[in-house]
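Q: I have a model to read. Take me through it, term by term.

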Amino acid sequence: MTEIHCELLQDRIPEVVSGRERWSAEEAAHLSRCADCATVERLLVATSALGRDVEARFDATPAILRVAERLRTEGRREVSPVRRHWIAGLVAAAAVTVAVLSWPGSGAAPDFARQEQSFLTELDSLDTAELAIIADELAPPLSALGASEGAEPLDLDSTQLERVMRSLEG
Amino acid sequence: MRSFSLFTALTLGAVLPLVAQNPQATPRDSTIGPQEVEMRDRIQENFLARAKEQMGLNDEQMTKLRAAEQRVATKRRGIEQEIRRLNGTLAEQLRPGIAAKEDVVTKSLDSLGTLRVSYAAVFKEEQRELSGFLTPVQRAQFYRMREQMVDRVREVRQDRGGRQSPPRQRQ
């Protein structure tokens with residue numbers, strides 16, 4: 001009679017449970033005598049049955065088709081390096097277009113002509129607030145406001161009255 | 001001729017420091033907005049209206065003065081932009097802890113000298129053109145008005161950084 005080692009027999013239990021192998025008479029006799037090997041066998045038989053009914057109801061073919069379709073779709077979304085360059089170019093062109101269209105003035109082109117008209121070049125480096133200071137101080141002369149000599153004070157508009165008040169204040 | 005040289009020196013002394021002393025004061029034309037354009041136009045028109053009143057100019061003189069100043073301004077603006085660029089280069093070279101490139105510094109200084117001469121030449125050209133339709137007194141009046149404007153712009157710029165300028169008597 002050949003001696004049966006528990007460890008070697010337990011290693012074969014999954015194969016037998018799956019039906020790929022069969023116990024020999026000696027192995028079967030060992031299992032009937034060895035409580036440890038019998039316990040492992042019962043455990044593996046029980047676990048191998050888990051989910052068997054789910055597998056029976058699961059139709060793998062549609063799932064595989066859906067996965068394949070999903071992979072194809074995701075593959076299309078992957079942007080190639082060449083397309084990235086095109087997209088970057090389009091984004092840059094759009095940015096330039098927006099910048100040109102939002103340039104001050106109603107036209108699409110920068111208003112260089114108007115900038116050249118200003119001969120007071122010292123104003124070039126002033127920001128809006130600083131320009132406002134200068135503009136406020138450099139009010140037009142009364143003669144440029146169109147006030148006639150015979151006009152009554154009440155005939156002056158607010159700007160003209162302000163200029164008169166300033167001149168009176170010195 | 002001697003008085004003209006003094007005149008030139010005075011103008012350069014008044015205008016060039018605006019450009020030379022502030023390398024960071026880059027022209028704002030690249031980012032100018034409609035509000036700034038409108039204010040510059042308004043300042044210029046008010047300046048011209050005052051000039052007309054104070055100098056007693058007729059319409060023909062006004063038209064010629066405007067045209068002459070626009071021509072000069074184009075040249076002056078180009079020189080000022082180049083001076084700002086060179087001042088920026090010098091400021092870059094003179095940063096503490098970084099060895100300056102002597103050839104770059106030398107070239108920049110030489111170019112600045114050339115530009116100052118060019119600035120004087122533009123001033124002489126401007127005076128020559130103005131003398132064609134303005135009397136010497138009117139030219140001097142216009143020069144003083146420009147000088148006052150340059151001085152006031154310098155004061156406003158020096159007030160950058162939150163300092164308040166002293167109240168200035170309105171003209």
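A: Start with contact: two residues are in contact if their C-beta atoms, placed from the backbone, lie within 7 Å. In chain B, among contacts between residues at least 6 apart in sequence, 73% join residues at least 24 apart. This is a predicted model: local features need pLDDT of at least 70, side-chain atom pairs count only at pLDDT 80 or more, and totals for chains, interfaces and linings use all residues. Residues are numbered from 1 along each chain as its sequence is written, and chains are lettered from A in the order in which they are written.

Q: How many helices and strands does chain B have?
A: Helices (H or I, at least four residues) and strands (E, at least two) are DSSP runs, numbered from the N terminus. Chain B has five helices and zero strands.

Q: Which residues of α2(B) are buried?
A: Buried means that 20 or more other C-beta atoms lie within 10 Å of a residue's own, placed from the backbone. In α2(B) these are Glu36(B), Met39(B), Arg40(B), Ile43(B), Gln44(B), Phe47(B), Leu48(B) and Ala51(B). They line one face of the helix, because they fall within an arc of 165 degrees seen down its axis; the arc is that of the directions from the axis to the C-beta atoms.

Q: What do the buried residues of α2(B) pack against?
A: Their partners are α8 (128–137) of chain A, plus α3 (59–93) and α5 (136–158) of chain B.

Q: What does Ile134(A) touch?
A: Leaving out residues up to four places away in sequence, Ile134(A) touches Leu126(A), Ile43(B), Arg152(B), Val153(B) and Val156(B).

Definitions and conventions:
Buried ≥ 20, exposed ≤ 12 C-beta atoms within 10 Å, placed from the backbone.
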